[in-house]
Structure formats: C-alpha cells, structure tokens
Amino acid sequence: MGITAKELAGKLNLSAAAVSMALNGKPGVSTETRRKVLDAAERYGYDFSRLSDKKKTPSGEIYFVMYKKHGAVVADTPFFSQVSDGIALECKKQGQKLKISYIYKEEDSLQKQIEDIQYSDCCGIILLGTEMEAADLRPFLDLPIPLVLLDAYFDTLPCNCVLINNMQGAYLAARHLIRSCRKQPGYLQSAYQISNFAERSSGFYKAVRSCGMSASKSITHLLTPSVDGAFADMNELIKNGDELASCYFADNDLIAVGAAKALMQNGYRIPEDISIVGFDNMPVSTVIDPALTTIHVPKQYMGEAAARRLISLMEDPGQPPIKIEIDTTLIYRDSVGKDIS
C-alpha cells in the first residue's frame, strides 16, 4: 500500500498543508519544496489517483504583470496590446481567468506590490520583462507561484522565458540594407537600452561584419524610442550638421518613423537619398509614406505561447526552465531603395 499525504509530510518534516498544495499544484509553496514533495511522493509510492484531478490547474487568476521601470519603452502601444490579446485568447481557450496588473519600479513600494500579488488569488504570473534587468527579476523568482518571463531573457537566472529572436531579426534587416544599397549601413540606436535592443545591436553588427565591413565605420545616432522623441533628436542632429549614412537600421519602428519624418522635413528623399528599416511591424509602419520596410514580430502568438507555457507549469510544476525564442520575418515595403550605380 502506498504512502499517504500525511505520512509523506512526516517524512519530509513539512506541514500537511504544504504537502497538499505541492501535490495538487496550488500556489503557496516554493518551486524547490514542490519538487521535493513530488520526487518523494513518487519514490515512496504515493497513489496519485487520490487527487481529484491531478491535471487540473490551480484555482485563481493568472496575472499578466506589466513591469514599468522608466516607461520609455513599455507604453500603451499596439505591440503590447497585441501581446495582451494573445494571452487573453489562450487563457479563455483553456478556461483560465486573467487579470492585467501594472508594477512600477519605486523603491519604497516595489516590495509591497510584489507581496500583494503573493497573497492574492494569483495562481500564475506572466511577467512582461521588456524594461527589466536581471536584478529586477530576482524578487519575482522568489515568489512561490509559477512564472513565465515575457520579452526578456537573462543568462544568469534560471527562468521560463518567451521572447523574440532579436538577433536574427536585426541581422535580416541589416543584410537587406547592405544587399540593396551596397553601402555601409548606419544605426538608429535607442537612447534607452534594454535587453531586446542589446540583442538587436549584436545582430546588426554581426551582419555588417559578415558582409566584410568594419563595424566601427557604421554611423550611429542615439535617439529616443518614440516617434516624437526620435523626430526631435534626428532634427537636431541634421541642424547641427552631423554626418548622415545613406541607409539605416532602427531599433524599432517608432525610432525609424520619427527619424524618417525629420529627414523628409529637411529635404531628404526616402528611399532615393536615405533608406531605413525598422523593427516590430507596428501599424505606424504602414501609415508613413513611403511605407516602412520592417521586421515582423508575431506579437499575438508570443502572448499565446507564454500563456500555454504558464498553464503547463501550473499543471506540472516540476518541469525544468525552458527558453522559447520566436523567429521574425522581413517585411518588404518602400523605404529601402536599390543601388543603381
């Protein structure tokens, strides 16, 4: 006859409640404790058919937590609304309730905001890590709640992640510029650095070097990652007489569109004089004339993938962390010219 949950609690020197939560996949115990209980249960022959429904996910709400550190990148844009739509769609499909919550990095209240989630009815967290650094993530990993990090990845922290293949997308964009324009591409780089932009930078310079060019010769401008901010910054650079490249890759579409507007206002033709490629394939990329060549990110699919992974973890908490990286595609439009020399 197999061991009972009460006997299992005695052997592990844990409370019966902690063992019950671990066996039933409910929040309230750490990942380490849950794994310890499940391993021991299998070792001592616990009869899992005693559970009412071992595969049933914990009751409560899934929290989509949008972490805002400075708000320069995470804003009310179609990018994040489409990601949110994907999460909501998958939760509805799997019968899960969803709550969207915002957390702001304020030293005096951050810990309280995290504790409010821990002691709520939250049964799983999808954490938007776009503006995060590794140190910002650590307090969330200490929570005894299944968690999936969305739109970020950190080598130093074991965590389930769903993110864009930023390096691949930037590589495709830069290679397209070089092949089309046959010139050294410039870089419209975000003045606010996040992990996504760092990876895009790596992809851009990898393409430059793979085409036999020196990375140090690419003209770089630091611009605010918004349409209005990039327009103002680029306009000032032009007025100051800064050297311009004949083609550019931009860290995102907002930078690309803002810079393009400034260039055209100052008499430059796109793509005849200067070509530009963006990243994200946001609606603004088709509003501007000429329409922006860009990198498409399957935003809704990202949200769906994050929700599926989280629900899988809620059903089976003992799984090892995995990194899901979603590839991008190049969208050809009219902002890149052809070399006619």
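1. Two strands pair if DSSP finds at least two bridges between them; helices (H or I, at least four residues) and strands (E, at least two) are DSSP runs numbered from the N terminus. In this sense Cys247 stands opposite Ser275 in β9. Strand β8, residues 247–250, pairs with β9 in the parallel sense over three bridges.

2. The model is a predicted one, in which local features need pLDDT of at least 70 and side-chain atom pairs count only at pLDDT 80 or more, while totals for chains, interfaces and linings use all residues. Residues are numbered from 1 along each chain as its sequence is written, and side-chain values use heavy atoms, with hydrogens and water left out.

3. The open sheet consists of four strands in the order β7-β6-β8-β9, with parallel pairing. Because β7 (220–223) and β9 (275–277) stand at the edges with a single partner strand each, one side of each is left without a neighbour in the sheet. From one strand to the next, the twist averages 20 degrees (axes are lines fitted to C-alpha atoms, for helices over the stretch in contact; angles run from 0 to 180 degrees between N-to-C directions).

4. Helix α7 (residues 166–181) lies across β8 and β9, at about 170 degrees to β8; contact means heavy atoms within 4.5 Å. Helix α10 (residues 253–265) lies across β6 (186–190), β7, β8 and β9, at about 120 degrees to β6.

5. The structure holds zero disulfides, a disulfide being a pair of cysteine sulfur atoms within 2.5 Å. For Cys91, the closest cysteine sulfur is that of Cys123, at 8.8 Å, too far for a bond.
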